Amino acid sequence: MPTTTTVSAHVASALAAHLDHVFGVMGNGNAYFLDALERATEVRFTAVRHEAGGVVAADAHFRASGRIAAATATYGAGFTNTLTALAEAAQAHVPLVLVVGDEPTSGPRPWDVDQIALASAVGARTYTVGRTDAAATTILAIEHALSYRVPVVLAIPYDVAALDAGAAQTPPELRLPTPLTPRGPFASGVVSEIAAALAGASRPFLLAGRGAWLADAGDALGELAASTGAVTASTALGRGVFPDERFDLGVTGGFGAEGAMELVREADVAVVFGASLNQFTMRFGDLFAPGARVYQVDIAAASTHPHVGGFVRGDAGVVARAIVDELDALGAEASGWRESVDVAALREQPSPSRADGLADDGRLDPRAVARRIGELLPEDRVVVSDGGHFIGWANMYWPVASPDRMIMVGTAFQSIGLGFASIPGAAAARPDSAIVLTTGDGGGLMALADLESAVRTAGGRGVAVVWNDAAYGAEINLYGLKGLAREPMLIPEVDFAGLAAAVGAEGVVVRSLADLDALARWAERPVADRPFLLLDCRISGTVVAPYQEEIIRVNS
């Protein structure tokens, strides 16, 4: 009978002191760890059906709650199955702990691989436990993940996992860094320069990203916007961070409304908080007009876009409050710009041209489907998104209340196939909210192992929308237009509704807007009395999302 004094039990106990969810798949390398987790801790273990899904679920859990979670897999093939999801978490700066088995301390067996090198290659550091330091090493791994906002691998060598390590001690408290405060005369000078620029601006603009949300900078940014009269907007991962939506243009880049983006180009001073200014946010360099003074506040070591003219390294909330204090000292007055424009009208997204919701080829126009679904979804919702051409539709037509309610796992690494596995993580993080997945047929098929996990964990709170165009839409739109052979880009039309029914969900094939009444009926039923709902939307591939049109333009 396994005991609670093993090395694996020490790892489980130390983890349990600082997190409450673990997701994964059991195997030889993590069997003792999972036994200890179940027998001796209050941590909830959620089984998924593919090892990548465990990392995805832990990733989505953090994005939806701000609380770190863990994933677990066995050694070898179990570990290598996690690498795409691990790379996504690393590039998206999501902290999590991946507990894995590893080769024995005596050396690799024929089926072992260099897991430390593989983890390092995708941006994750490995901590390996021993018989005398398992708990302390576990704490170091958690601290590293949270301090640097990265995933870490916690490895348990196969011949160490069941060794007796004595009675577990109370794990120490975590030591985490305080918010990064700008220091020195140069940084102070740039803060003063930003305040002076905003005070003198006629058309001030503030842009915030996910980093501002993680810094809990919303209230400070709201004060800054009010004191300057600035119009505001966010990145796709920062939506809702500004508290006053009356003057907020929504998301910048290809997901933004055209009128809103035209207004951004009128800004004469722009200050960016906690956003990396990637090519999509920046509309491939066209977000700001030439001559606009652009400042960036971030915890990165240096500015991340050539259009930035002044940079402050620091916590978004700390710097925003420092700028507000400088403005007060200057006696600055609000510009009045935001009151002079109809921001709500500028946020409006385009409507389909046909009232019946169909495109010219007789299949559904995805814009019409997205707009109607947005009207029917529960207000208390978390949207989780797979990757693919379809990501534009949810981002354009399904508003969410805050950045932790739009979860886009896969975007940082440009991956597809991580959608269904995001649902268990988001469902655990938000146990009272509806969990809504948006996925394509390509990514949906790739993630199919965890359709069962999604249905089981979200139950009557879960909705999956599959944008089924029988193709890899992004490739069709980019490479099909260039004349490349289309056959590899096509997918036989799959009955996702039938697949959903096979694992206990209600599946509905949607060929007309009237078929979406199934969602209305679902929403009216008590959560406990309704199943997971999957909407298999047979959409036209002829309608191209605006963000994709930007990509086509740049690559043509």
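Reader: Where is A470 found?
Author: This is a predicted model: local features need pLDDT of at least 70, side-chain atom pairs count only at pLDDT 80 or more, and totals for chains, interfaces and linings use all residues. Residues are numbered from 1 along each chain as its sequence is written, and side-chain values use heavy atoms, leaving out hydrogens and water. Helices (H or I, at least four residues) and strands (E, at least two) are DSSP runs, numbered from the N terminus. On that numbering, A470 is found in the loop between β16 (462-468) and α19 (473-480).

Reader: What is phi of A470 near?
Author: Most residues other than glycine have a negative phi. A470 is a residue other than glycine, yet its phi is positive. The value is near 60°.

Reader: Does A470 count as buried or exposed?
Author: Buried means under 20% relative accessible area, exposed over 50%, and partly exposed in between (1.4 Å probe, protein chains only). The relative accessibility of A470 is 18%. So A470 counts as buried.

Reader: Which other loop holds a residue with positive phi, L277?
Author: L277 has a phi of about 60°, positive although L277 is not a glycine. L277 is buried, with a relative accessible area of 3%. Its loop lies between β10 (269-273) and β11.

Reader: What does Q296 touch?
Author: Contact means heavy atoms within 4.5 Å. Residues up to four places away in sequence are not counted here. That leaves V272, A275, S276, L277, S303, T304, V308, G310, F311 and V312.

Reader: How far apart in space are L287 and R525?
Author: L287 is found in the loop between β10 and β11, and at 0% relative accessibility it counts as buried. Beyond four places in sequence, L287 is in contact with L207, T252, M261, V264, R265, T281 and M282. R525 is 238 residues away from L287 in sequence. From C-alpha to C-alpha, the two are separated by 44 Å.

Reader: How many residues of helix α5 are buried?
Author: Helix α5 spans residues 83-91 and is mostly covered. L83, A85, L86, A87, E88, A89 and A90 are buried in α5. They pack against α3 (51-65), α4 (77-80), β4 (96-102), α6 (115-121), β6 (151-157) and β14 (406-408).

Reader: What distance separates the C-alpha atoms of L86 and A52?
Author: L86 has its place in helix α5 and is buried, with a relative accessible area of 0%. Its contacts, leaving aside neighbours within four places in sequence, are V55, L98, V122, A124, P151 and V153. A52 is 34 residues from L86 along the chain. Their C-alpha atoms are separated by 8.0 Å.

Reader: Which residue follows α5?
Author: Look at the residue after the helix. Its phi is positive, near 60°. The residue is H93.

Reader: What is the radius of gyration of the protein?
Author: The protein has 22 helices and 18 strands. The radius of gyration is taken over C-alpha atoms, and the globule rule is 2.2 Å times the number of residues to the power 0.38. For 556 residues the rule gives 24 Å, and the protein comes close to this, so it is as compact as a globular protein of that length. Its radius of gyration is 24 Å.

Reader: What share of the residues of the protein count as buried?
Author: Among contacts between residues at least 6 apart in sequence, 78% join residues at least 24 apart. The C-alpha atoms fill a box of roughly 75 × 65 × 50 Å along the principal axes. Of the 556 residues, the buried share is 57%.
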